[in-house]
Amino acid sequence: MKEWFNEALRTKLFPTLAHLFPSLVSSASMLRAHSVAVLRYNASHPRTDIHVDDALLAFTVALSHPRSFTGGGTYFEHIDQVVPMPQGHATFRPGGVRHGGHAVSDGERYVIGGFIAVDDRIEHVRRLNDRGNRMVVHNGPGTTAADLEQATKLFELGLHLNARCPTCHEKIGRAHV
């Protein structure tokens, strides 16, 4: 599976991203997936809240046939529309585009969600958020007050670089919990 997916990234997804975002991507060979997950939506986990992705670019690939679930699709806030995707189709977007998984009311919907980094671009805000996240480990055992204080400083620095970063605001709230 990993070999198949890496080949799909190299031959299909990365070239498409490079074509769609030429001002951000100098070459498809500069792209790398820094986080990829298979997501399942069903009656007990029907949707995701509206959010932005912690990456310069992102994609969603529909794995399920539309007849295997009711509802679903990806909601894009800026166009106030749910975009359904046939099985095997994908949406591509800048990470800062607010979107969410639209509710599935019946059946199961599977998608692949991927966050993409560009090797010749430094993504300071994402890196600050990643470093802060590693420090707080979501307030798990072993997280000290000093860890939370340092993580908060990292998230605040991310906000200084991008005052409209919703994930920075969200993470600052978590660090204070």
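Helices (H or I, at least four residues) and strands (E, at least two) are DSSP runs, numbered from the N terminus.

1. Basis. This is a predicted model, in which local features need pLDDT of at least 70 and side-chain atom pairs count only at pLDDT 80 or more, while totals for chains, interfaces and linings use all residues. Residues are numbered from 1 along each chain as its sequence is written, and side-chain values use heavy atoms, with hydrogens and water left out.

2. Overall make-up. The protein chain has 4 helices and 9 strands. From the N terminus on, the elements run α-β-β-β-β-β-β-β-β-β-α-α-α. Of its 177 residues, 38% count as buried (under 20% relative accessible area; exposed is over 50%, partly exposed in between; 1.4 Å probe, protein chains only).

3. Valine 25. This residue is found in the loop between H1 and S1. Is valine 25 buried or exposed? Valine 25 counts as buried because its relative accessibility is 4%. Leaving aside neighbours within four places in sequence, valine 25 is in contact (heavy atoms within 4.5 Å) with Leu17, Ala18, Leu31, Leu57 and Val118. Valine 25 and aspartate 119 lie 94 residues apart in sequence, and their C-alpha atoms are 9.2 Å apart in space.

4. The sheet of 4 strands. Strands of a sheet pair through backbone hydrogen bonds, either parallel or antiparallel. Here an open sheet has the order S1-S9-S2-S6, with antiparallel pairing (two strands pair if DSSP finds at least two bridges between them). Its edge strands are S1 (31-41) and S6 (90-94), each pairing on one side only. Neighbouring strands of this sheet are turned by 20 degrees against each other on average, direction ignored (axes are lines fitted to C-alpha atoms, for helices over the stretch in contact, and angles run from 0 to 180 degrees between N-to-C directions). Helix H1 (residues 2-20) packs on the sheet and touches S1, S2, S6 and S9. The direction of H1 makes about 105 degrees with that of S1.

5. Strand S2 (residues 57-62) pairs with strand S9 (residues 109-118) in the antiparallel sense, over 6 bridges. Phenylalanine 59 has glycine 114 in S9 as its bridge partner.

6. The sheet of 3 strands. Which order do the strands of this open sheet have? The order is S5-S4-S7, with antiparallel pairing. S5 (81-83) and S7 (99-101) each have a single partner strand, so one side of each is left without a neighbour in the sheet. Strand S4 (residues 74-76) runs antiparallel to S5, and 3 bridges join them. Threonine 74 stands opposite valine 83 in S5.
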